[in-house]
Amino acid sequence: MTTQRILSMDGGISGHITTEVLRRASHRIGQEGGHFLDHADILAGTSAGGLNALFLAAHDDLDVAIDDAQDFWQHILESTRATNPGRLIAGLLGAKALDQREPMIRFLVDYFGEDTRLGDLKRKVIVPAFQLHHENGGERDRQWRPRLFHNIPGITDYSPDERVVDVALRTSNIPVVSPIFAGIKGGDIGYLDGGLVANNPSMCAISAVLEQRRSLGQPLDIGSINVLSVGCGRKPLSVKPEIVDGIADWGYGQWMLSPREPMLLVRLAIRGGGAIIEYQCAQLLGQNFKRIDPYIEANPNPFDLVGTRKAILDALDHVDVATAADEICAWIHETQWLQGPSGNTAQSADAGAHP
């Protein structure tokens, strides 16, 4: 059976680190005459990783796509300087989300186009989000649920008619930090960040491949799936509460409102979920699964925009980024990733996505 290759990209404080690691690895393999990004059959991404997946999927030339994605993340970093003070105060008081979506919406609409759909993209994508209301079914079935936006026929939640911009904004809005998002043309179903579902979307992509094979009557053959899973940067995060008589009596103040670790419970849930997915993928795929997540020395909280910006810029020059690119190159050769056709699924040059 033909091996299917998945590039999976995590959510996190910025997709800049992910794209820098991929850019360096792509450049090195390109010097040897290969183009490993072109050979990814599925691009899976959550939150920041979902934005990266959509940037890559919109292009025939993935070197250009990586550059465009890095320009986007640079734009996001620079826009943190211009945070509206009134908005920040309202956010800290709990009256509104901290973030304004308008600058990001304008950038994405200008880039992808207002009406470009997932079905117009050049490559297959899977982008998780968290849907707050189930649009189909009776009262008993009206539950919030995970939602996988993708353009792969024969798989649950097939959504080729969804706007690319809507999917990008639905997967990348952390509660409290960003507003609930429905769509640029309105809508009555809200979505939250895909990190609440699967911050590491590797297992979502593996499951999609297996579902498609099952629907086609093909062998599942787990050994013919390769996954490169790239994080946004591994930050130091641990909790050491004061334990008295065997317990630490914490309430929502410590879990959610601590000045040093705001939204700690949300961050723990996202990080813990990603860690267990990494374990599951490693056990399923063995050497056909490669996890890359460079270390970031700083650990700014979500409300510290200046500190976050500095941590990302410092991380781009860190030795771990160079080491991560080295590891990708070695694994690409070991797994013979470059054998077989590319993952470009475009049927025409004017498919509607950004050139």
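**Helix packing and buried residues in a predicted model**

Q: How do helix 8 and helix 10 pack, and how far apart are their axes?
A: Helix 8 and helix 10 (residues 264-285) pack at an angle of about 40°, and their axes are 9 Å apart. That makes helix 8 oblique to helix 10. Keep in mind that this is a predicted model.

Q: Which residues of helix 8 and helix 10 meet?
A: From helix 8, S202, M203 and I206. From helix 10, I277, Q280, C281, L284 and L285.

Q: How many of those are nonpolar, polar or charged?
A: Six are nonpolar and two are polar. No charged residues take part in the contact of helix 8 with helix 10.

Q: Staying in helix 8, is V209 buried or exposed?
A: V209 sits in helix 8. V209 is buried, at a relative accessible area of 1%.

Q: What does V209 touch, beyond residues up to four places away in sequence?
A: Q4, I6, I42 and I225.

Q: And how far is V209 from I155 in space?
A: 8.6 Å, C-alpha to C-alpha. In sequence, V209 and I155 are 54 residues apart.

Q: Zoom out. How many helices and strands are in the protein chain?
A: 12 helices and seven strands. The chain has 355 residues, and buried residues make up 48% of them.

Q: What share of the contacts between residues at least 6 apart join residues at least 24 apart?
A: 75% of them, within the protein chain.

Q: Left-handed or right-handed crossing?
A: Left-handed, as helix 2 passes helix 5.

Q: Which residues make that contact?
A: Helix 2 brings L51, L54 and F55. Helix 5 brings M104, F107, L108, Y111 and F112. By class, the contact has eight nonpolar residues, with no polar and no charged ones.

Q: How many residues of helix 2 are buried?
A: 10 of its 10, so "mostly covered" holds for helix 2, with buried meaning under 20% relative accessible area. Among them are A48, G49, G50 and A57.

Q: What about N52, buried or exposed?
A: N52 is in helix 2. N52 is buried, with a relative accessible area of 1%.

Q: What is N52 in contact with, leaving aside neighbours within four places in sequence?
A: M9, G15, T18, T19, A69 and W73.

Q: Switching to cores. How many residues has the largest nonpolar core?
A: 57. Those with the most contacts inside it are L7, F36, L54 and L108. A second, separate core has 20 residues, including I152, A205, A208 and I277.

Q: What is F36 in contact with, leaving aside neighbours within four places?
A: L22, A25, S26, I29, L228, I328, I332, W337 and L338.

Q: How far is H333 from F36?
A: Their C-alpha atoms are separated by 9.8 Å. Along the chain, H333 and F36 are 297 residues apart. H333 is found in helix 12 (residues 319-334). H333 is partly exposed, with a relative accessible area of 43%.

Q: Last topic, backbone angles. What is phi at D157?
A: About 70°, a positive value, although D157 is not a glycine. Most residues other than glycine have a negative phi.

Q: Where is D157?
A: In the loop between strand 4 (145-150) and helix 6 (164-170). D157 is buried, with a relative accessible area of 19%.

Q: And what about phi of D221?
A: Near 40°, again positive in a residue other than glycine. D221 lies in the loop between helix 8 (202-215) and strand 6 (225-230). At 36% relative accessibility, D221 counts as partly exposed.

Terms used. Residues are numbered from 1 along each chain as its sequence is written. This is a predicted model: local features need pLDDT of at least 70, side-chain atom pairs count only at pLDDT 80 or more; totals for chains, interfaces and linings use all residues. Side-chain values use heavy atoms; hydrogens and water are left out. A crossing is left-handed if the near helix is turned anticlockwise from the far one by less than a right angle, and right-handed if clockwise. Helices (H or I, at least four residues) and strands (E, at least two) are DSSP runs, numbered from the N terminus. Contact means heavy atoms within 4.5 Å. Ala, Val, Leu, Ile, Met, Phe, Trp, Tyr, Cys and Pro count as nonpolar, Asp, Glu, Lys and Arg as charged, and the others, Gly among them, as polar. A nonpolar core is a set of buried Ala, Val, Leu, Ile, Met, Phe, Trp, Tyr and Cys residues joined through side-chain atoms within 4.5 Å. Buried means under 20% relative accessible area, exposed over 50%, partly exposed in between (1.4 Å probe, protein chains only). Axes are lines fitted to C-alpha atoms, for helices over the stretch in contact, and angles run from 0 to 180 degrees between N-to-C directions. Angles under 35 degrees count as roughly parallel, over 145 as roughly antiparallel, 65 to 115 as roughly perpendicular and the rest as oblique.
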